[in-house]
Amino acid sequence: MEGSAMHNPRSVEEVFTDFKSRRTAIIKALTIDVEDFFHQCDPDKENLCLYGFPSEHWEVNLPAEEVPPELPEPALGINFARDGMQQKDWLTLVAVHSDTWLLSVAFYFGARFGFDQADRKRLFTMINDLPTISEVVTGLAKKQGKEKSSVSNHSSNKPKSNSKGVSESQAKYSRAMQSEDEDGFEEEDEEEHGESKCGACGEIDVDEQFWIFCDSCERWFHGKCVKMTPARADHIKHYKCPSCSNKRSRPFP
């Protein structure tokens with residue numbers, strides 16, 4: 001087995017690099033090399049595991065013989081379920097177990113080399129910023145990326161003709177992440193927004209600052225006027241200003 005030689009990353013950065021490399025290998029097995037992976041997981045064979053290595057190579061093999069093993073072992077017997085379910089569902093199941101295995105390996109290194117609370121938190125944050133393997137395999141990661149891009153553009157700084165806050169390359173990237181229809185709507189919306197007044201204070205500030213659009217009353221607001229920050233706005237899909245949020249539907253007679 002390629003990973004039989006012990007690999008010992010000792011710092012948070014080294015453990016994270018190890019995690020990313022193993023993750024890349026498994027994603028490759030479940031996406032690019034899926035036909036080869038499917039063929040190797042023969043249900044007539046013994047219990048098989050999917051391994052990802054720091055070299056970014058993957059391997060389907062029997063579990064380690066030594067007890068206890070040098071590293072936590074991945075899910076055992078993934079080949080037995082191959083023909084008992086839809087291929088997509090089977091790949092998703094393997095992906096979920098692989099996510100669990102990668103976390104166990106990363107925090108095994110953390111425990112072995114004495115990571116303190118701050119180190120463990122930093123490692124988890126770095127890992128958590130990456131889509132999980134199951135999100136990649138099911139396409140959820142791509143969908144979430146598009147939604148996040150849409151929200152970021154929706155709650156961006158107020159666009160100006162001489163704006164210095166958004167570079168030309170960033171603008172091109174945002175347009176590339178949206179469909180042609182969305183692009184047309186966004187450009188029209190930005191033009192209208194450029195001359196609008198804040199729905200709360202009624203002012204147009206000269207200085208660039210964060211603005212957010214209310215999907216209910218269709219007005220723009222200074223973030224500071226409605227106590228909204230860019231970080232919070234990134235997690236809001238449909239924003240309602242305080243006035244619209246306080247409105248209650250009329251009760252039926």
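A residue counts as buried when its relative accessible area is under 20%, as exposed when over 50%, and as partly exposed in between, using a 1.4 Å probe and protein chains only. Of the 253 residues of this protein chain, 33% count as buried. The model is predicted, so local features need pLDDT of at least 70 and side-chain atom pairs count only at pLDDT 80 or more, while totals for chains, interfaces and linings use all residues. Residues are numbered from 1 along each chain as its sequence is written, and side-chain values use heavy atoms, with hydrogens and water left out.

Start with the overall layout. The chain has 10 helices and four strands. Both are DSSP runs numbered from the N terminus: helices are H or I with at least four residues, strands are E with at least two. Along the sequence the pattern reads α-α-β-β-α-α-α-α-α-α-β-β-α-α.

Now look inside. A nonpolar core is a set of buried Ala, Val, Leu, Ile, Met, Phe, Trp, Tyr and Cys residues joined through side-chain atoms within 4.5 Å. The largest one has 34 residues, and Leu30, Phe37, Leu50 and Leu123 touch the most other members. Helix 1 (12-30), helix 2 (34-40), strand 1 (49-52), strand 2 (58-61), helix 3 and helix 4 each give two or more residues to this core. Take Leu30. Leaving aside neighbours within four places in sequence, Leu30 is in contact (heavy atoms within 4.5 Å) with residues including Phe37, Leu50, Leu91 and Val137.

Follow helix 4 next. Helix 3 (residues 87-112) and helix 4 (residues 117-128) pack at an angle of about 155 degrees, with axes 11 Å apart. Axes are lines fitted to C-alpha atoms, for helices over the stretch in contact, and angles run from 0 to 180 degrees between N-to-C directions. Angles under 35 degrees count as roughly parallel, over 145 as roughly antiparallel, 65 to 115 as roughly perpendicular and the rest as oblique. Helix 3 and helix 4 are therefore roughly antiparallel. Leu103, Ala106 and Phe107 in helix 3 meet Arg120, Leu123, Phe124 and Ile127 in helix 4.

Helix 1 meets helix 4 too. Here the angle is about 30 degrees, and the axes lie 10 Å apart. Helix 1 and helix 4 are therefore roughly parallel. Val12, Glu13, Val15, Phe16 and Phe19 of helix 1 make the contact with Asp119, Arg122, Leu123, Met126 and Ile127 of helix 4.
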